[in-house]
Amino acid sequence: MSSPENETPRGVQSGFCKEDQARKCTVQPIVIGGMVLDVNATSSMHANPRTTTPGKVIFSLGGVARNVADCISKLEARPFMISAVGFDMAGNMLLEHWESAGLSIEGIQRHQNIETAVVCHIFDEKGEVTAGVAHVESIEQFLTPRWIEKFKCKISCSPILMVDANLTSSSLEASCQLAAQFNTPVWFEPVSVAKSRRVASVVQYVTFASPNEDELVAMANAVSGKEIFHPIWRDDSSTKLSKEYFFQTLKPAIWVLLDKGVKVLVVTLGSEGVLVCSKAKFNLQRLAFKGNQSPYFSKQLYEAVSTVCPKDKIFGASMCKPMSDLFAVHFPALPASVVRLTGAGDCLVGGTIASLCAGLDVMQSIAVGIAAAKVVVEVESNVPDEYCLAKLADDARSVYSGATMLLCQSKL
């Protein structure tokens with residue numbers, strides 16, 4: 001029996017991209033990474049060890065890359081997913097949803113030897129993850145450089161490539177090198193503290209990265225080769241830390257990643273909002289995306305958001321010189337009635353990517369991403385069933401108007 005990675009999808013030629021194929025290629029954001037079935041268990045009261053606790057258990061379609069791609073599709077972009085699932089119950093559920101949404105399954109490898117990735121999360125009564133077990137080895141085993149190479153033509157005309165750190169270092173390198181060959185921007189999603197360290201092999205290719213505080217520290221340690229950075233220490237008091245404190249404390253780790261090659265860091269701080277950092281404001285303004293106009297992407301999204309979030313407003317208020325060494329902006333989080341926090345970071349990334357592809361600038365797109373994340377924490381699924389464009393634009397306006405420049409300087 002042939003190895004699944006040797007099976008070429010219909011109409012795909014491995015290893016090269018003919019010129020006429022590239023011309024006919026549909027412009028789509030490419031998402032590479034895990035498709036996972038989440039088993040989410042939420043206790044209805046404080047859980048005690050060594051015994052069961054009353055609560056609720058539900059199945060939810062998940063996986064960082066899958067969630068990002070699903071969110072992108074809900075905002076009227078058509079992502080192309082590269083992943084792997086089996087013929088088991090979990091694989092059937094994931095592919096049934098994907099096909100019902102009218103999305104292509106051409107890039108999703110399927111084989112009887114693949115055990116679809118499954119993750120079990122245990123939540124407390126506040127919606128926070130308290131423990132979890134991940135069975136995701138199939139993603140590393142079957143999302144190989146050879147499989148990814150089969151979609152070279154897709155990557156060649158994509159406006160952006162998103163990779164999640166469920167990929168092995170060799171697969172991350174293969175993906176990023178293909179993107180670099182065609183000047184396709186790369187978004188690196190760290191997935192977890194342990195896997196975020198895989199950025200070390202591809203940091204020079206990364207345009208965007210979206211770590212939380214702990215992942216940021218792990219990534220900075222990985223690329224520096226030393227364990228010199230640490231998360232912010234917090235005591236048990238309810239003292240609220242300022243956005244300036246967060247930034248000044250995390251700035252050394254941020255600078256290491258920017259200095260190693262990352263163009264834009266989107267650091268998520270939970271209820272404290274988001275830090276957007278770049279080595280120069282010039283990096284944020286010059287980013288261009290292939291095909292970022294209708295009919296490929298949502299003209300409605302562009303019009304709704306650009307009307308209430310004027311382009312370059314934040315840049316216009318800046319006194320930065322074009323080549324300043326560090327540019328940092330804080331975006332506030334939106335108040336929400338939290339049901340569950342999983343999926344928030346994924347929808348922030350998905351909302352931002354869909355907006356970039358639609359033609360919005362980086363700052364407008366981050367505001368949409370935060371608005372998209374707010375919607376998902378108020379539902380039980382990892383991605384909401386739908387977005388109301390008017391509400392999304394209004395929430396993005398609130399975020400955008402609350403953005404604050406924290407630093408713009410020529411020397412650290």
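Me: How do strand 1 and strand 4 run, and how many bridges join them?
Reply: This is a predicted model, and in it strand 1 (residues 30–32) and strand 4 run parallel, joined by three bridges.

Me: Which residue of strand 4 is the bridge partner of Ile 32?
Reply: That's Ile 82.

Me: And what about strand 4 and strand 5, in which sense do they pair?
Reply: Parallel again: strand 4 and strand 5 (residues 108–110) pair over three bridges.

Me: Where does the chain go between strand 4 and strand 5?
Reply: Through helix 3 (residues 89–100), in a β-α-β crossover that is right-handed.

Me: So is strand 4 buried or exposed?
Reply: Buried. Six of the six residues of strand 4 (residues 80–85) are buried, so the strand is largely enclosed by the rest of the structure.

Me: Which residues sit on which side?
Reply: Phe 80, Ile 82 and Ala 84 are on one side of strand 4, with Met 81, Ser 83 and Val 85 on the other. Both faces are covered.

Me: How many aromatic pairs does the structure hold?
Reply: Three. One of them is Trp 147 with Phe 151: the ring centres are 5.4 Å apart and the planes sit at 70°, so the pair is edge-to-face. Trp 147 and Phe 151 are both buried.

Me: What's the geometry of Trp 187 and Phe 208?
Reply: Trp 187 and Phe 208 are stacked, at 4.7 Å centre to centre with 15° between the planes. Trp 187 belongs to strand 9 (residues 186–189) and Phe 208 to strand 10 (residues 208–209), so this pair ties together parts that are 21 residues apart in sequence.

Me: Are Trp 187 and Phe 208 buried or exposed?
Reply: Buried in both cases. Trp 187 has 0% relative accessibility, and Phe 208 has 1%.

Me: Changing topic: helices. How many helices and strands does the protein have?
Reply: 16 helices and 14 strands.

Me: How many residues of helix 2 are buried?
Reply: 10 of its 11, so to speak for residues 64–74, and helix 2 is mostly covered. The buried residues include Arg 66, Asn 67 and Asp 70, along with Val 64, Val 68 and Ile 72.

Me: What follows helix 2?
Reply: Glu 76, with a positive phi near 70°.

Me: Where are they, and are they buried or exposed?
Reply: Arg 50 is in the loop between strand 2 (36–43) and strand 3 (55–62), and Asn 183 is in the loop between helix 7 (169–181) and strand 9. Arg 50 is exposed, at 82% relative accessibility. Asn 183 counts as exposed too, at 67%.

Me: What about Asp 395, buried or exposed?
Reply: Asp 395 is in helix 16 (residues 389–401), and it counts as buried because its relative accessible area is 5%, under the 20% cut-off.

Me: What does Asp 395 touch?
Reply: Leaving out residues up to four places away in sequence, Asp 395 touches Leu 334, Ala 371 and Lys 374.

Me: Zooming out, how much of the protein is buried?
Reply: Of the 412 residues, 53% count as buried. The protein exposes about 17600 Å², and carbon and sulfur atoms supply 52% of that.

Me: Last one: what pLDDT does the protein average?
Reply: 87, and 85% of the residues score at least 70. Over residues 10–15, though, the pLDDT is below 50, and that stretch has 11 contacts in the model beyond near neighbours in sequence.

Methods: Residues numbered from 1 in each chain as written. Predicted model: local features only at pLDDT ≥ 70, side-chain atom pairs only at ≥ 80, totals over all residues. Heavy atoms only, no water. Phe/Tyr/Trp six-rings, centres within 6.5 Å; stacked < 30°, edge-to-face > 60°. Buried < 20%, exposed > 50% of the residue type's maximum accessible area, 1.4 Å probe, protein only. Helix = DSSP H or I, 4+ residues; strand = E, 2+ residues; numbered from the N terminus. Areas by Shrake-Rupley, 256 points an atom, 1.4 Å probe, with all protein chains shown as cover. Pairing = 2+ DSSP bridges. Right-handed = clockwise from strand over helix to strand, strands pointing away. pLDDT = per-residue confidence, 0-100. Contact = heavy atoms within 4.5 Å.
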